[in-house]
Amino acid sequence: MIGLLVIVLYVGAFFGSFFLARMAFKSAFEKKGFNKLKTVTFGDESAITANRVASVISVITVFWLWVAFTNSAIPLPKFPGPFSGDMNFTYTAQLEDGSTDDATVTMRVYREDIQLTLDEEGNPGREPDEAEVEPGDGFAKNDTLTVARYGFKVVNVWQNDDVSKADGSSIIALNGQPVEPGDKIKVPEGTIGLTDKGTPTFEPAVGLRMARLYLPAPEVVFQRFIWLNKEGYQGYTLLEHTRYSLQRVLLGFIIGALVGIPIGYAMGLTSWSRGWFDPIVEFMRPVPPLALIPLIIIWFGIGEVGKVVLLFLAALWIMIIAARSGVSGVAITKVHAAYSLGASKWQILSKVIVPNSLPDIFTGARVAMGVCWGTVVAAELVAANVGLGKMIVTASKFQLTDIIIVGIIVIGVIGFAIEVGMRKLENWLIPWKGKV
Amino acid sequence: MGGLSINNISMRFDLPNGGHVQALQGVSLDIQSGELMSVLGPSGCGKTTLLNIVAGFLAPTEGEIVLNDHQVFGPSPERGMVFQQGALFEWMNVKENVSFGPDMKGVSRAESREKVEHLLEVVGLQDFHEKAIYELSGGMQQRVALARCLANDPDVILMDEPLGALDALTREKMQSLVLDLWKDTGKTIILITHSVEEALLLGERLLVMAPRPGRVHKEYRLPFADLGVGNDLREVKKHKDYNKTREEILEMIWNMEEEIMGRTEESA
């Protein structure tokens, strides 16, 4: 239900903010430069640039949805939250002889994540005590209990009553409304009802916000980020987890490239090499690196060597194929021209084939880095002592959703940074790419 | 100098279906040192194959190529090539492209600098030394290709439709440049072209080839190349024989194309 609401709001925000932004930021919607002179831009992909107003609103929207559907302290419009505080309801007990008595149940609803919160002195929160109530008169006595938000409580009202259920006491009404076992009554603070066996129950209202277990609020995640850097998790700080993961990726990728590129060149340059490596490459290429994890663990254990071997294998085939297609992409006229200018085979390789294959190798390297980054996280999910994947999977076992989210964000940011860095490097090293 | 001899060259390609294509049959030519010969012919007449054999990229099934009294077996810097396009090295700038040949021989950049600068001036690119190849227009790129070829000081320059990808105006300018370079350097040039006009204007000798099998159909000796050196090529086109020869060759090639079409239809 909440999921559907999120989708509707998100789609609404997409269209709504378009019309609002068009009124508020006219200049961002004007065509710029040469595009101003074009009468048709629909279908002309080159005329389409990212509208930065849209990008900013898009990020804000995601952030706002995050705040609006969690119990965040950030002062932004939010959806109704779960009930918290004290509430009362009355029950009417009847004995077999027909005599009745009313009593009140006081429920104290507290934060479900109270133990994860800290006060100013850094002490964790405690579950609150029950509210103090007078027992009252009659054979049914007033009850008081606590329940966590998003929780559910069966209220054994007879435990302090003079007459127990076994003695023939039964509940015939809640808040003065006659009820049968199995019935439910909505009250502003939640739902009261009777179990199938006739015991009163209380379920506090949950509203539309998600519990911390499912989605922690942004500031909770941020605090966790700080905490992870300071205190660390599973014996390593966030930086160390990240460094281990990155180190594995770089090591695996570099070895994969150092081995793969020469093999790729050899496959592009000699028939023997192509015949020799073709069956292996064609067989191993479609095998997802993740499928190799069990074998790698059996062979190398869960230590660093296994990870690096796995990432080496993930990068190897991609780099071989990239280098091979780099060689096949050399225009034969360039090779002929170089030969008729007196180049030797070695000079053909170093002065023509290697530089000409750089664009393909770079494309391969970008893909390989992406695959390696994805593979290292997955490999750490399966087995590791340290690393971002390890951090996430351990946190999930303890239901520390905030650590999981910090991990996902760090993984995403680093993956993005790798892609941007590779592109910058490409523009710097291969300025002629795409221009010939 | 012994010049270039093409002795009874035949070239047969086997097809995967068991058949074969006779790309060239019994082609013999003697080209004097310093001659500019243009080669024309309908597509499929084997002119590019012939050029590749002379360059040494293909070995003929029969016959031999002799240059300066020794047989040709493979590519060598004595036979330079200029391609239609895409043969420049994008990862090098203009100057580095031109000095590629000397670099390969191990000549230091300092030694080759003067020559490179001179050649770039000859082709009109004195202000473009440091430019990247992809920053140049198609015509300028072909100028670089010419300079690069000349930097190696080859005995024979083989041109495979070097101006084919250029627009008409640039092409005219480049034709004048080719003529001037030919006269100044005294190189032997074999020029393959699709354009009858270009073949007429640039070719001291003009070879018309016929297809299936590829062979020499007719040979002309023309005065236009000599007239064109240092002159406006449009003036040359006013020569009394120019239009007549042009019509004759066009008719010849037209008939060959017709014949090919007819034969294809018969066999289909």
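## Close-up views of a predicted model

**View 1. Helices α6(A) and α7(A) make a right-handed crossing.** The structure is a predicted model. Two packed helices are described by the angle between their axes and the distance between the axes. Here α6 spans residues 289–300 of chain A, and α7 spans residues 304–328 of chain A. Their axes come within 9 Å. They cross at roughly 145 degrees.

**View 2. Side chains of both helices build the contact of α6(A) with α7(A).** From α6(A) come P289(A), L292(A), I293(A), I296(A), I297(A) and F300(A). From α7(A) come V305(A), G306(A), V309(A), L310(A), L313(A) and A314(A). Eleven of these contact residues are nonpolar and one is polar. None is charged.

**View 3. Chain B touches chain A.** On the chain B side, 20 residues take part; they meet 17 residues of chain A. Strand β6 (79–82) and helix α3 (100–105) of chain B each supply at least two residues to this side. The largest share, four residues, comes from α3(B). By class, the chain B side has 13 nonpolar, four polar and three charged residues.

**View 4. Strands β1(B) and β2(B) run antiparallel.** β1 covers residues 4–14 of chain B, and β2 covers residues 20–31. Eight bridges join the two strands. Look for M11(B): L24(B) of β2(B) stands opposite.

**View 5. A hairpin links β1(B) and β2(B).** Five residues lie between the strands. Which residue takes a positive phi in this hairpin? G18(B) does, with a phi near 100 degrees.

Conventions. Residues numbered from 1 in each chain as written. Chains lettered and ligands numbered in written order. Predicted model: local features only at pLDDT ≥ 70, side-chain atom pairs only at ≥ 80, totals over all residues. Axes fitted to C-alpha atoms, helices over the stretch in contact; angles between N-to-C directions. Left-handed = near helix turned anticlockwise from the far one by under 90°. Contact = placed C-beta atoms within 7 Å. Nonpolar A, V, L, I, M, F, W, Y, C, P; charged D, E, K, R; others polar. Pairing = 2+ DSSP bridges.
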